[in-house]
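Reader: I would like to learn how to read a strand in its sheet. Please show me the model, then take me through one case.

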Number of protein chains: 2
Amino acid sequence: MSTGFELLATDGAARRGRLATAHGTVETPAFMPVGTAATVKAMTPDAVRATGAEIVLGNTYHLMLRPGAERIGRLGGLHRFMGWNGPILTDSGGFQVMSLSALRKIDENGVTFRSHLDGSAHAVTPERSIAIQHLLDADVTMAFDECTPFPATEDAAAASMRLSMRWAGRSREAFRDRPGYGLFGIVQGSTYRDLRAESAAALRAIGFDGYAIGGLAVGEGQAAMFETVGYTAPMLPPDRPRYLMGVGRPEDILGAVCRGVDMFDCVMPTRSGRTAQGFTRRGTVNMRNARHAEDPRPLDAACACPACRNHSRAYLHHLVKSNEILGAMLLTWHNIQYYQDLMAGLRDAIVAGRLDAHATELERGWASGDIPAGETG
Amino acid sequence: MSTGFELLATDGAARRGRLATAHGTVETPAFMPVGTAATVKAMTPDAVRATGAEIVLGNTYHLMLRPGAERIGRLGGLHRFMGWNGPILTDSGGFQVMSLSALRKIDENGVTFRSHLDGSAHAVTPERSIAIQHLLDADVTMAFDECTPFPATEDAAAASMRLSMRWAGRSREAFRDRPGYGLFGIVQGSTYRDLRAESAAALRAIGFDGYAIGGLAVGEGQAAMFETVGYTAPMLPPDRPRYLMGVGRPEDILGAVCRGVDMFDCVMPTRSGRTAQGFTRRGTVNMRNARHAEDPRPLDAACACPACRNHSRAYLHHLVKSNEILGAMLLTWHNIQYYQDLMAGLRDAIVAGRLDAHATELERGWASGDIPAGETG
């Protein structure tokens, strides 16, 4: 029953694992490209798969509003709808209801709000969130929670976290257990260690197939995030996957993997691909910059994606300057490839027991900066 | 020397041929996807190739303004710049200077104008147009001409055509002949048969590697276009390829192939792909229409493109409604695939000597209309 998780190796706190779902397995640590509106923006499913990505994330809030969860259900679920036959994790809608919708009202029962698309009225409760995720046929369903705003007083963070814990219980009740399908709980408690401990204990008592750390990457900064992840991860059952929601930059992912996190999602590689930012082994590069205009080199010589294999920086720069769709397509592909390569490197390093050395190499590369045209590294 | 052209079969006036260029051969009749700004919009070069397209078109006007012809030359030419290693035909810039630029002034020497991008001043003469196309390394270079506006009085059309013929001579002089590289002349003369005859004779006297019919698809209507093509094609040397510029819809291409045209280009499949129009064997389909919202069928069941192979109309409709880049990507891919399939079918029909019957089948399909969801054809 449920999703499976196998711990294959550890290196310090870092873990090399394998998540088994109804639609296939996921090697962890894993990065999940975000497919908000049933598409990883500017990528075909074939292209996503070609980067090595094994699981994508869908957004309950966006999909319930358009095209609608019942419609996707009638069309055979999100996998068939978007043409992605691998595992899918869906969020619960809680975070985006709070960040995107209008006139939202939260009470013990759930959240009422108006759509940012057309002003239509909607309600999401834990039961409705789980029902939507069942309609989407998510391999991994997330418990419905409130993402506690940052900063929050300890009293406010406690009240918010305890509401999420009651909703976690209702989510568990509403979830229909089936082989290959799992439900993850979400630890809240802001940056308060006692609240995180209380939340983790509450979730463990309910029992979940995986445990997410929520309420981070919301403005607290990397140091506070690492500190919170560092003490929260050990509060979670070692035999279940751990998912740090909405994280992050490559350096954030590295730090969280070193602290025992297994799964990540973030819009950064896709969104950056549409705003001319390329991630490389020597840090991020702004392809809009005029210094690339006659640079015949690839964005990242070590990368095997089509943008780097077939095209020059000069061409990518031209596409960006000309607002050509192909610019967004190629840079998005590259960034997703970079993130997948990053995760593959971390997995290998954990198995080899050399994560510390690998982390130092990665950090040195990012810090070294891009090599100017005409020079050699 | 120059490009080669082999006539493989005929069926009535229609011709099945093969164009040989420095970067490969092109089976004709052929449709050339338009790669205006060094990209077939929303398509990777791999995807363009996967549709069966063998040659693409580049626009001298756009490329001279951004990123600049000298820059592309320094980067190794347009093939390397855009990552397309097959044949490329470039237009002369004449048409788009007149339709897109500002403050243009035309005289015997050429055209001066200001860029629609930044207002910068530019001049194009026949010599400069050819030099630009050499910098781009075009396999097929087009003579510099004035696309006579429509409608034009016979006097105005004659004056414009004779200017283009003088420019054709200068283009020929400026062209540097090399193996695999060809120069095409462009017949003008609006819808006046005597002027077309005079123009064709002038070009034949100069001698070109191929002959284009210009000044059509500019508002004269399909009947006048077919009439003009019908009497102009026989005025051209049978042993050279014939190219009808800027045409067109599938039914326009069919009619022109039947009248002896070998090559076509048009923005229609790519532009339509960005405005939710899909070409099918049963006519065009507007994917924005709400009737597709729960339609699980592919856009065109007979099509092997990724949009039709992997996705439903419901999904394409959702992408269009959500303004997702993937919607433009998939519909563009489909439309280019449709055009390439159309050309392959025409080539096969000519060889089989059954073009008339094939034309009737195509026209019946287009006229039959899309099958509503829930019904079977």
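Author: Strands and helices here are DSSP runs numbered from the N terminus, with at least two residues (E) for a strand and at least four (H or I) for a helix. This is a predicted model, in which local features need pLDDT of at least 70, side-chain atom pairs count only at pLDDT 80 or more, and totals for chains, interfaces and linings use all residues. Residues are numbered from 1 along each chain as its sequence is written, and chains are lettered from A and ligands numbered from 1 in the order in which they are written.

Reader: In which sense do strand 11 and strand 12 of chain A pair?

Author: Two strands pair if DSSP finds at least two bridges between them. Strand 11 (residues 182-187) and strand 12 of chain A pair in the parallel sense, over four bridges. The chain gets from strand 11 to strand 12 of chain A through helix 8 (residues 193-206), and this β-α-β crossover is right-handed. Right-handed means that, with the strands pointing away from the viewer, the path from the first strand over the helix to the second runs clockwise.

Reader: How many bridges join strand 12 to strand 13 of chain A?

Author: Three, and these strands run parallel. Strand 13 covers residues 242-244. One pair is Ile213(A) with Leu244(A). Strand 12, helix 9 (residues 222-232) and strand 13 of chain A make a right-handed β-α-β unit.

Reader: Which way do the residues of strand 12 of chain A point?

Author: Gly210(A) and Ala212(A) point one way, Tyr211(A) and Ile213(A) the other. All are buried. A residue is buried if 20 or more other C-beta atoms, placed from the backbone, lie within 10 Å of its own.

Reader: Why does Ala212(A) count as buried?

Author: Ala212(A) counts as buried because it has 29 C-beta neighbours inside 10 Å.

Reader: What is Ala212(A) in contact with, leaving aside its neighbours within four places in sequence?

Author: Contact means C-beta atoms, placed from the backbone, within 7 Å. The partners of Ala212(A) include Met142(A), Phe184(A), Ile186(A) and Tyr243(A).

Reader: Which residues touch the most other members of the largest nonpolar core?

Author: A nonpolar core is a set of buried Ala, Val, Leu, Ile, Met, Phe, Trp, Tyr and Cys residues joined through C-beta atoms within 7 Å. Of its 228 residues, Phe184(A), Leu244(A), Phe184(B) and Leu244(B) touch the most other members. Phe184(A) is in contact with residues including Val140(A), Phe208(A) and Tyr211(A).

How values were computed: A residue is buried if 20 or more other C-beta atoms lie within 10 Å of its own, exposed if 12 or fewer, and partly exposed in between; C-beta atoms are placed from the backbone. Two residues are in contact if their C-beta atoms, placed from the backbone, lie within 7 Å.
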